[in-house]
Amino acid sequence: MSSPTSASSAATPRLRRNTMLWALLAMALFLVSTLLGLFLRLFQGNSFPAVEPVWFYSALTLHALIMVGAWFLGSMAGVHYLLSRYVRPSSAISELAMGGSVVGVVLISISTLLGKFGVGWYFLFPLPLYPNGAWSPWATIVFFAGLAILAVFWLAWVLDLLRAIARRYSLSMALGWHILRGAKEPEVPPLVLITTVSLVVVTAALVAAALVLALFVLHGSGRANVDALLMKNLTFLFGHIIVNITLYLGVAILYELLPAFAGRPWKTSWLVAFAWNAVLLLVLFAYLHHLYMDFAQPRWVQVVGQTASYFLSLPAAAVSVFGSLALIYRSGFRWTMASRLLVCGVLGWVIGGIAAVVDATVAVNSVFHNTLWVPAHFHTYYLMGVVLMVLAFFDHLSRELTGSDTDVPAAGWILSLLLLGGYGFLAMFYYGGATSVPRRFATYPEETLQGVIQARVAAAFVVLLLAALVIYLSRMAARCLRAFALCRNAS
Amino acid sequence: MIPQYKALLAFLIITAAATATFLWVTRNTANKERLNPEAVSKLRSRFAITCALLLIAALALTLPHLPYPRGSEIPDKVVFVAAKQFAFGLSEAPIASDAQWEAASQGPAVRIPANRLVEFRVTSLDVNHGFGVYSPGGTLLAQTQAMPGYVNRLRLRLQNPGRYPVLCLELCGMEHHSMRGIFEVFATGKE
C-alpha cells in the first residue's frame with residue numbers, strides 16, 4: 001500500500017486547492033452548527049427564558065441540516081481526492097457542487113433565521129404546510145428551493161464520481177462481483193468498492209428526496225392528495241441513507257488512510273466484497289426503523305426493518321472494525337493526530353452503532369423513539385465517528401501539502417479535551433433517553449424536568465468541546481489556507 | 001427495572017467491552033510483528049459467528065414482544081384519540097371534527113379501568129404527532145404516531161391508578177413542547 005503522501009502525486013494542483021477549500025468550508029459550517037447546538041442545549045436548560053420557542057425550532061432545523069451537509073460534503077471531498085489515485089473525477093463538477101452548496105445553505109439559513117421556518121431537518125409532511133402563524137409561506141418556498149438546489153448539485157457530483165469510476169471499472173467490477181465469484185484479478189481497491197456502494201445508494205436517496213419535494217409541490221398546489229405514510233417512508237429513505245452513507249464515505253477514507261499508518265495493506269478480499277455488497281442491500285431497508293411507531297405499516301415490514309437494521313451492523317463489525325484493529329495490532333503503528341483521530345473515529349462508530357442496534361429493536365423503540373436516545377446514538381457515530389475520520393483526512397492532507405509533518409506538542413491534550421467534551425455531551429443524551437426525556441422539545445414540561453439539568457450539564461461539555469475545536473480547527477484552517485496558497489501558486 | 005434502564009445497561013456493558021478491546025489493541029501497536037493470516041481469519045470468523053448468533057438471539061427474544069395489536073385479543077375498552085396542533089383530544093366516542101376535538105381536548109379526562117386491555121385509536125386532524133403515554137411518575141410507557149389519514153391502534157394494560165399524561169413525541173410546530181393530553185386510570189371495583 002502506498003503511503004498517503006503518494007496520493008498527492010496523483011492529484012492535480014486544482015484538486016488539491018479544491019480539497020483545501022472544501023476542508024475550510026466543512027470546518028466553518030461545523031463550527032457554526034456546533035454553536036447552534038450549544039444554543040439548543042442552553043435553551044433547553046432554560047438559559048433564555050425571554051426568547052420565543054420559535055427560535056429554538058428554527059435553530060434546530062438549521063443545526064441539523066448544516067451538520068449533515070457539512071460532513072456529507074467533507075466526506076465527498078475526501079473520497080473525491082483519494083479516488084484520484086485510481087480514476088479521474090471532474091474538478092469542475094466539484095466546484096459547481098461547492099457553489100450550489102453555498103447557495104443552498106444560504107437559502108436554508110434565510111428561511112430558518114429570517115423566516116423562522118422550524119420543522120426539523122426532515123420537514124415531515126405535511127408540517128411545512130401548517131405554519132400556524134409561526135412562519136410565512138415565502139420561508140417554506142425558500143427552504144424547499146434551497147433543498148432542491150442542494151439535491152441537484154449533490155446528485156451531479158455523485159453521478160460524476162460514479163462516471164469516473166465507470167470509465168475504469170465496470171459496475172460489477174467496482175462492486176467486486178468478480179472477487180465474489182472467486183477471481184483474484186483485477187484488484188479493486190476498497191476505496192473504489194465502498195465509494196461505489198455508497199454512491200449507488202446515495203443516488204437512490206437523492207431521487208427519493210426529489211420525489212418528496214415534487215409531491216410537496218403537488219399537494220401544496222392542490223393537484224394531488226398525498227399520502228402521509230408514503231411521504232414519511234420516502235423522507236426517511238432519503239434522510240437515513242444520507243447520514244448512513246456519509247459515515248460509509250468516512251469509512252472509505254479509513255480503508256485508504258489506515259494502512260499507511262500501519263504499514264500493512266488492506267485489500268478487497270472476498271469477505272470485504274461480500275460485506276459491502278450486503279451493505280448495499282441492507283442499507284436500503286434499515287431506514288424502516290424510523291417508522292416502527294407507525295403501527296399502520298404492515299407488521300412484516302417492521303420485522304424486515306429490525307432484521308435489516310440488526311444485520312447491517314454485522315459487516316461493519318466483522319469486516320471493517322475487526323479489520324481496523326487487526327491492521328493496527330502489532331504493526332508498528334505510526335501515531336499522529338490524524339491516525340489518532342481515525343482510530344477514535346472507529347471507536348465512535350462502534351459505540352454509536354451499539355446504541356443504534358439497541359434502538360433498532362422494536363420493543364425497545366417503544367420507549368426510546370423520539371427521546372434523547374435517538375440524538376445520542378447518531379451524534380455518537382457522527383460527531384465521534386465520521387467527523388473524526390474526515391478531520392483525520394484533512395489534517396493529514398494539509399500537513400502533507402504544507403510540509404508540516406509533526407504534530408504540535410499539545411495535540412494529545414487537544415484530543416483528550418475533544419473526547420471529554422464530546423462524550424460528556426453525549427452521556428447526557430443517553431441518560432436523557434433512559435429517563436424518558438423527549439427530543440426536539442424547546443422547554444421541558446413538569447414530567448420531564450430532569451431534562452433541564454441534563455441540558456445544562458451537556459452545554460458545559462459542549463463548551464469544552466468547542467474550546468478543543470477552536471484550538472484545533474484554527475490551526476488546521478491556517479494550514480489549509482497555506483496549502484491553498486501553495487497550490488494556487490503551483491497552478 | 002424499567003425497560004429503559006435494562007436497555008441502557010445492555011448498551012453500557014457492550015460498549016465497555018468494545019472500548020476495553022480498543023484500548024488493549026491500541027496499547028499493542030508498537031512492536032512490529034508479522035501476523036499469521038490464518039489465525040486472524042480464524043479469529044474473525046469466530047467473532048463474526050458470535051456477533052451473528054447474538055443478533056439472532058436478540059431477534060428471537062424481542063420479536064415476540066412487538067407492540068402491534070393482534071386480532072385475537074379483544075380490548076376491554078376503546079379510547080379515541082385525535083391530535084391537532086397543539087392538544088390531544090381523548091374521548092370514548094369517535095372524534096371526526098374540529099368541534100369534537102375541541103370538546104374532547106378541553107373536557108374531563110377519560111377514565112380507564114386498571115388491569116384491563118385498553119385500545120387507543122390514534123389519528124391526527126392536521127400534521128404528524130406522537131402519542132407518548134407517560135406514567136404519573138414521568139416514565140415513558142408506550143407510544144404510537146398520530147398520522148393524518150391513518151388510525152394507529154395502541155393497546156395497553158395499565159396497572160397503577162393515577163393521572164397519566166400524554167406528551168407529543170413528534171415535532172408538530174412551534175408549541176410542540178406544550179402539546180399534551182391526559183387520562184385517568186382508576187382501580188377496578190370503584191366504579
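At roughly what angle do the axes of helix α14 and helix α16 of chain A cross, and within what distance do they come?

## Crossing of α14 and α16

In this predicted model, the axes of helix α14 (residues 373-402) and helix α16 (residues 450-490) of chain A come within 9 Å and cross at roughly 45 degrees. The crossing of α14(A) and α16(A) is left-handed.

## Residues at the contact

On the α14(A) side the contact is made by A:Phe394, A:Asp395, A:Ser398, A:Arg399, A:Leu401 and A:Thr402, which meet A:Met476, A:Arg479, A:Cys480, A:Arg482, A:Ala483, A:Leu486 and A:Cys487 in α16(A).

## A:Ala460 in helix α16

Helix α16 of chain A also holds A:Ala460, which counts as partly exposed because 15 C-beta neighbours lie inside 10 Å. Between A:Ala460 and A:Arg488, which stand 28 residues apart along the chain, the C-alpha atoms are separated by 41 Å.

## The chain as a whole

Chain A contains 16 helices and zero strands, and its C-alpha trace spans about 55 × 50 × 40 Å along the principal axes. The radius of gyration of chain A is 22 Å, which agrees with the value near 23 Å that a compact globule of 491 residues would have.

Buried residues account for 61% of the 491 residues in chain A. Of the contacts in chain A between residues at least 6 apart in sequence, 84% join residues at least 24 apart.

Key. Residues numbered from 1 in each chain as written. Chains lettered and ligands numbered in written order. Predicted model: local features only at pLDDT ≥ 70, side-chain atom pairs only at ≥ 80, totals over all residues. Axes fitted to C-alpha atoms, helices over the stretch in contact; angles between N-to-C directions. Helix = DSSP H or I, 4+ residues; strand = E, 2+ residues; numbered from the N terminus. Left-handed = near helix turned anticlockwise from the far one by under 90°. Contact = placed C-beta atoms within 7 Å. Buried ≥ 20, exposed ≤ 12 C-beta atoms within 10 Å, placed from the backbone. Rg over C-alpha atoms; globule rule 2.2 N^0.38 Å.
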